[in-house]
Amino acid sequence: MGSVNKLYQFSILNALMDGVADEGISISTLLESGDHGLGTVKHLDGELVVLDGVAYQMREDGSIAVPEPEMVVPFGMVTRFQPSHVTDGVLDSKDALDCHIAEHLPGTKNLFVAIRIEGQFEHITVRTVGKQAYSGEGLVDVAKRQVVKTLSNTSGTLIGFWSPAFSHGLSVAGHHLHYIDHGKRHGGHMLDFKTGEVRISMTPISRVEMELPQNNAFNCASLRADAGKIREVEG
């Protein structure tokens, strides 16, 4: 069982940028360290969200499924979430979330923050990526085939993290959130949103455990993707 509000991360974002997505840990191993988080699966075959201890794979074709426990996770971030700050309100955009964090969790700009936003969304734009066309295809090229859609008047949950600037390349600096609706029919990587009434739950994280892959693809990768390319694919 993972510790409460301790971040466990497998691999780094720059590895995905370099197409290192053939190997990793299993879904079951990831869930041993947390009940709240996100990531991707083998060959970048869609987006992964961990909600209330259950992992959901959201694929390019719009389907959502609970993957098999042995499914490979080449990148994942999870925590055993226990919020320290909960408020009800409305967020006009993803930028408003940054302001909300700064206002309600001052003194955390160099920490990680776990975030859960649940309720009604006036609209939310999400993307899902298709799987790699070949082993080693980088995330920038995979993302050129992504499917972007805007959901209107939807209710669901945003799950993820805010990461400090120094972590860019290890993770996504700023907010990185995946959405799944309450019916488990629609979801993906959040690009923008405007909420109705939602509950915003957060907690700062100062304890971080990172596990790196031990394989040739990771050891041979440059792991030097620039911030512009990361923003291009992560929004």
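User: Is leucine 44 buried or exposed?

Analyst: Leucine 44 counts as buried, because its relative accessibility is 2%, and the general idea is that buried means under 20% relative accessible area, exposed over 50%, and partly exposed in between (1.4 Å probe, protein chains only). The model is predicted, so local features need pLDDT of at least 70 and side-chain atom pairs count only at pLDDT 80 or more, while totals for chains, interfaces and linings use all residues. Residues are numbered from 1 along each chain as its sequence is written, and side-chain values use heavy atoms, with hydrogens and water left out.

User: Where does leucine 44 sit, and what is its phi?

Analyst: Helices (H or I, at least four residues) and strands (E, at least two) are DSSP runs, numbered from the N terminus. Leucine 44 belongs to the loop between β3 (36-40) and β4 (47-51). Most residues other than glycine have a negative phi. Leucine 44 is not a glycine, yet its phi is positive, at about 60°. Leucine 223, also not a glycine, has a positive phi of about 55°; that residue is in the loop between α5 (216-220) and α6 and is partly exposed, with a relative accessible area of 23%.

User: How many helices and strands are there, and how compact is the protein?

Analyst: There are 6 helices and 14 strands in the protein. Along the principal axes, its C-alpha atoms fill a box of roughly 45 × 35 × 35 Å, and 55% of the 235 residues are buried.

User: Which residues does serine 11 touch, leaving aside its neighbours within four places in sequence?

Analyst: Contact means heavy atoms within 4.5 Å. With those neighbours left aside, serine 11 is in contact with Pro74, Phe75, Glu211, Pro213 and Phe218. Serine 11 lies in the loop between β1 (6-10) and α1 (13-17), and at 1% relative accessibility it counts as buried. Across the protein, residues 24 or more positions apart account for 78% of the contacts with a separation of 6 or more.

User: What can be said of glutamate 234 and its surroundings?

Analyst: Glutamate 234 is part of helix α6 (residues 227-234) and is buried, with a relative accessible area of 6%. Leaving aside neighbours within four places in sequence, its contacts include Arg127, His176 and His189. The C-alpha atoms of glutamate 234 and proline 106, which are 128 residues apart along the chain, are separated by 25 Å.

User: What is the setting of lysine 144?

Analyst: Lysine 144 is in the loop between α4 (139-143) and β11 (147-163), and it counts as exposed at 62% relative accessibility. Lysine 144 and valine 129 lie 15 residues apart in sequence, with 8.3 Å between them from C-alpha to C-alpha.

User: How many disulfides does a search of the whole structure find?

Analyst: A disulfide is a pair of cysteine sulfur atoms within 2.5 Å, and the search of the whole structure finds 0 of them. Cysteine 99 is exposed, with a relative accessible area of 53%, and cysteine 220 is exposed as well, with a relative accessible area of 67%.
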